[in-house]
Amino acid sequence: MPELSVLLDQAVKMLNRVREEIESNVVSRSKELDARKVSLAAGIFKSVGEMADFLETLKNRLSSAKLGERSTVAVGENTYLTLDGDVFTISKLRPVRRMVSFNSDSSTLVVKSGDSLVEIRPDGITVKTRAGVFKFNPSDLEDYENRFDELRAASKVIQNSISDCVGIIGQKIK
């Protein structure tokens, strides 16, 4: 049964892998690609990096938290950390539910803010909103070419959801 610090490390490594793929396949090719597409990829790259930095900071802050195999600990005002096997979840319950969860078995990080849900996996990102579901691979140039408008909308949801969760949850953790 992994400890919290091990799960946080796995989440950070997965996010860094996604960032590296975006960097090597899209952002680093800025001279040969359309500036709008590179800017879009750079925004996603920045948001994924922001989440990785947040989880790294969280690991340092919560290094003294003693969690059993399955437990929930209050880590701030209306903010809870739950560890259940290979899954950790950080939730801010009021006034609007915000959540960051990582499942090491499926290497999936979920960020939920309000009505938006973002799933980040090594092979792609899924954005779920009231308007629908959009799946894409942020390191695949064809997605930027063929689905630019949808990707632009999804990028805004990703950036807003991650910034919101990092800002709100981060300030509430002791």
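**Packing and burial in a predicted model**

Biologist: Is Leu-109 buried or exposed, and what is its relative accessible area?
Modeller: The cut-off for a buried residue is a relative accessible area under 20%. This is a predicted model, and in it Leu-109, whose place is in strand β5, falls under that cut-off and is therefore buried. Its relative accessible area is 0%.

Biologist: Which residues does Leu-109 touch, not counting residues up to four places away in sequence?
Modeller: Leu-109 has its place in strand β5, and Ala-11, Met-14 and Leu-15 are among the residues that it touches. Further partners of Leu-109 are Met-51 and Leu-55, together with Val-100, Ser-101 and Phe-102.

Biologist: How many Å separate the C-alpha atoms of Leu-109 and Ile-125?
Modeller: Along the chain, Leu-109 and Ile-125 are 16 residues apart.

Biologist: Are helix α1 and helix α2 roughly parallel or roughly antiparallel?
Modeller: Helix α1 covers residues 4-25 and helix α2 covers residues 35-61, and the two pack with their axes 9 Å apart at an angle of about 160°. Angles over 145 degrees count as roughly antiparallel. The angle between the two helices therefore makes the arrangement of α1 relative to α2 roughly antiparallel.

Biologist: What is the handedness of the crossing of α1 and α2, which residues make the contact, and how many of them are nonpolar?
Modeller: The crossing of α1 and α2 is left-handed. From α1 the contact takes Ser-5, Leu-8, Asp-9, Ala-11, Val-12, Leu-15, Asn-16, Val-18, Arg-19, Ile-22 and Glu-23, while α2 gives Ala-41, Ile-44, Phe-45, Val-48, Gly-49, Met-51, Ala-52, Leu-55, Glu-56, Leu-58 and Lys-59. Sorted by class, this contact of α1 with α2 has five charged residues and three polar ones, and its nonpolar residues number 14.

Biologist: How is the pair formed by Phe-88 and Phe-102 classed?
Modeller: The structure holds two aromatic pairs. In the pair of Phe-88 and Phe-102, the ring centres are 6.1 Å apart and the planes stand at 40°. Planes under 30 degrees apart count as stacked and those over 60 as edge-to-face, so the pair of Phe-88 and Phe-102 is classed as tilted.

Biologist: Where do Phe-88 and Phe-102 lie, and how many residues apart in sequence are the parts that they tie together?
Modeller: Both Phe-88 and Phe-102 are buried. Phe-88 belongs to strand β3, residues 87-92, and Phe-102 to strand β4, residues 98-103, so the parts that the pair ties together are apart in sequence by 14 residues.

Biologist: Is Ser-104 buried or exposed, and which residues is it in contact with, leaving aside its neighbours within four places in sequence?
Modeller: Ser-104 has its place in the loop between β4 and β5 (108-113). Its relative accessibility is 16%, and Ser-104 therefore counts as buried. Beyond its neighbours within four places in sequence, Ser-104 is in contact with Leu-7, Gln-10 and Asp-86.

Biologist: What is the phi of Ser-107?
Modeller: Ser-107 is placed in the loop between β4 and β5, and with 22% relative accessibility it counts as partly exposed. Although Ser-107 is not a glycine, its phi is positive, at about 50°.

Biologist: What is the phi of Asn-78, and where is Asn-78 found?
Modeller: Asn-78 is partly exposed, its relative accessible area being 23%. Asn-78 is not a glycine, and yet its phi is positive, at about 55°. Asn-78 is found in the loop between β1 (70-76) and β2 (79-84).

Biologist: How far apart in space are Val-73 and Leu-83, C-alpha to C-alpha?
Modeller: Val-73 is found in strand β1 and, at 24% relative accessibility, counts as partly exposed. Leu-83 has its place in strand β2 and counts as buried, with 3% relative accessibility. Val-73 and Leu-83 are 10 residues apart in sequence, and their distance in space, C-alpha to C-alpha, is 8.7 Å.

Biologist: How far apart in space are Arg-61 and Val-75, C-alpha to C-alpha?
Modeller: Arg-61 has its place in helix α2 and is partly exposed, with a relative accessible area of 40%. In sequence Arg-61 and Val-75 are 14 residues apart, and in space, C-alpha to C-alpha, their distance is 9.8 Å.

Key:
Residues numbered from 1 in each chain as written. Predicted model: local features only at pLDDT ≥ 70, side-chain atom pairs only at ≥ 80, totals over all residues. Heavy atoms only, no water. Axes fitted to C-alpha atoms, helices over the stretch in contact; angles between N-to-C directions. Helix = DSSP H or I, 4+ residues; strand = E, 2+ residues; numbered from the N terminus. Parallel < 35°, antiparallel > 145°, perpendicular 65-115°, else oblique. Left-handed = near helix turned anticlockwise from the far one by under 90°. Contact = heavy atoms within 4.5 Å. Nonpolar A, V, L, I, M, F, W, Y, C, P; charged D, E, K, R; others polar. Phe/Tyr/Trp six-rings, centres within 6.5 Å; stacked < 30°, edge-to-face > 60°. Buried < 20%, exposed > 50% of the residue type's maximum accessible area, 1.4 Å probe, protein only.
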